[in-house]
Amino acid sequence: MAKSIYLDNNATTPLESDVLNAITSALSKAWGNPSSSHTQGIEAKAIIEESRQHVAAMLGAKASDIIFNSGGTEGNNMILHTAVKYFHSGQDWSHNGFPDKEHLPHFITSNLEHDAVKLVLEHFAEEGIASVTFVPASPKTGHVMVDDVIAAIRPSTCMISIMLANNETGIIQPVKEMFERVKQINTSRKTIPKILLHTDAAQAIGKILVSVQDLGADYLTIVGHKFYGPRIGAIYVKDLGSSKEVPLYPMFYGGGQERNYRPGTENTAMIAGLGQASKLVTENIDKYNRHMEKVRDYLEERLKAEFGEEICFNGRIGKSCRIPNTCNMSLLSVDCSGSEVLSHCTHVQASVGAACHAQNRPSPILLALDIEEDVARRAIRLSVGRETTQEDIDCAVNDLKQAVEKIQSKNTCISAQRVE
């Protein structure tokens, strides 16, 4: 059986052995209902609270600011819906002289967001729930410009939601600088809603240091399977429960778990796994970062040496910083899609972009950055991981080379047949 070289770590990561051990241990030893007062329930509850501490420590947050959930999609939905309810609660903003269009809560986001943010906000706009400004990213930087976001603010703006790092290009967005500017603006918003600040950190956690204090975020989305944990998640909410400035509203109702914010009997084993994955990040983030950057840079050096001018690196835009594991590139020597190149690979397991997007169309993220459609159609996203070696990279580049040669040979045969 051919050796597999897994280079799709932005789509999902395998479980670390310590994470798997934490999950299996909880499944066998802490199977009680965490809401029960007997020994089994108490043990399960203790594991959940220890895991909450680990997640919080990874972000420089308080344990009381962490709420567990099913993953990034639920977390983003909960935060965005909270902003709508926040706008309509407390004060009657409509009495503050807003024009008619300002009676709706207004969101600001970018045109680079994951569907778990983008489609929610598009739904809000289509249903008349909210108005939304999708700020276009700059093709010169690959990220949104802070001034453009600030210029989009209205009296009715209730939330700015910008991802921390893009899942396809790897480019880090200027979230810290943006949030600092907005906080200055918030000080003068006395009779209109404070602007809440959210970042989806799914692609950044486990690759770069993520600190909620440094970012100045009110909300942050955490996705376990992006950093070698299980497929559950959590959200961070600043000073949850102790401050009315950053609210959180439940999306559904039930037994009162997670302080009534996210009811439903807790998935103790998966929470234990998420906690262990977070603990590993806290202890090893510098090592993970250095290793992935070294291997990613080696990958790009080898690709450039092999394909020369026939390769385009779509994530290397100006001086913009990237997360250390992501290489988005297009092979120009064959007239076919990136997915077709990958289909001719024997070893490489990768994707052409976000796993939830259609794989046979140019990435809307790359098109939004003014990358030519023909180049975007050829794009392949290679995302290295903690265990990726330089030997893996050598094998992967050779595999891509033979895939290109195979396609070129097939195209030559087709052309010859047409001539005959």
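Is Arg52 buried or exposed? Arg52 is buried, with a relative accessible area of 6%, where buried stands for under 20% relative accessible area, exposed for over 50% and partly exposed for values in between (1.4 Å probe, protein chains only). The model is predicted, so that local features require pLDDT of at least 70 and side-chain atom pairs pLDDT 80 or more, while totals for chains, interfaces and linings use all residues. Residues are numbered from 1 along each chain as its sequence is written, and side-chain values use heavy atoms, with hydrogens and water left out.

The side chain of Arg52 forms a salt bridge with that of Glu49 (3.0 Å, N to O); the term denotes a side-chain nitrogen of Lys or Arg within 4 Å of a carboxyl oxygen of Asp or Glu. Both residues belong to helix α2 (residues 39–59), three residues apart, about one turn of the helix. Helices (H or I, at least four residues) and strands (E, at least two) are DSSP runs, numbered from the N terminus. Glu49 counts as partly exposed, at 31% relative accessibility.

In total, the structure holds 26 salt bridges. Asp8 and Arg381 are paired through their side chains in a salt bridge (3.3 Å, N to O). Asp8 is located in the loop between β1 (5–6) and α1 (17–29) and Arg381 in strand β12 (residues 379–383), so the pair ties together parts that are 373 residues apart in sequence. Both Asp8 and Arg381 are buried. A salt bridge also links the side chains of Glu309 and Lys304 (3.6 Å, N to O). Glu309 is exposed at 66% relative accessibility, and Lys304 is partly exposed at 35%. Through shared partners, salt bridges join Lys45, Glu49, Arg52, Glu258 and Glu266 into one network.

For helix packing, the axes of α3 (residues 72–88) and α4 (residues 115–126) come within 9 Å and cross at roughly 35°. Axes are lines fitted to C-alpha atoms, for helices over the stretch in contact, with angles running from 0 to 180 degrees between N-to-C directions. The contact (heavy atoms within 4.5 Å) involves Thr73, Asn76, Asn77, Leu80, His81 and Val84 of α3 and Ala116, Val117, Val120, Leu121 and Phe124 of α4.

Val182 lies in helix α6 (residues 175–186) and is buried, with a relative accessible area of 0%. Leaving aside residues up to four places away in sequence, Val182 touches Ile150, Ile153, Ile160, Ile195 and Leu197. The C-alpha atoms of Val182 and Ile160 are separated by 9.0 Å, the two residues being 22 residues apart along the chain.
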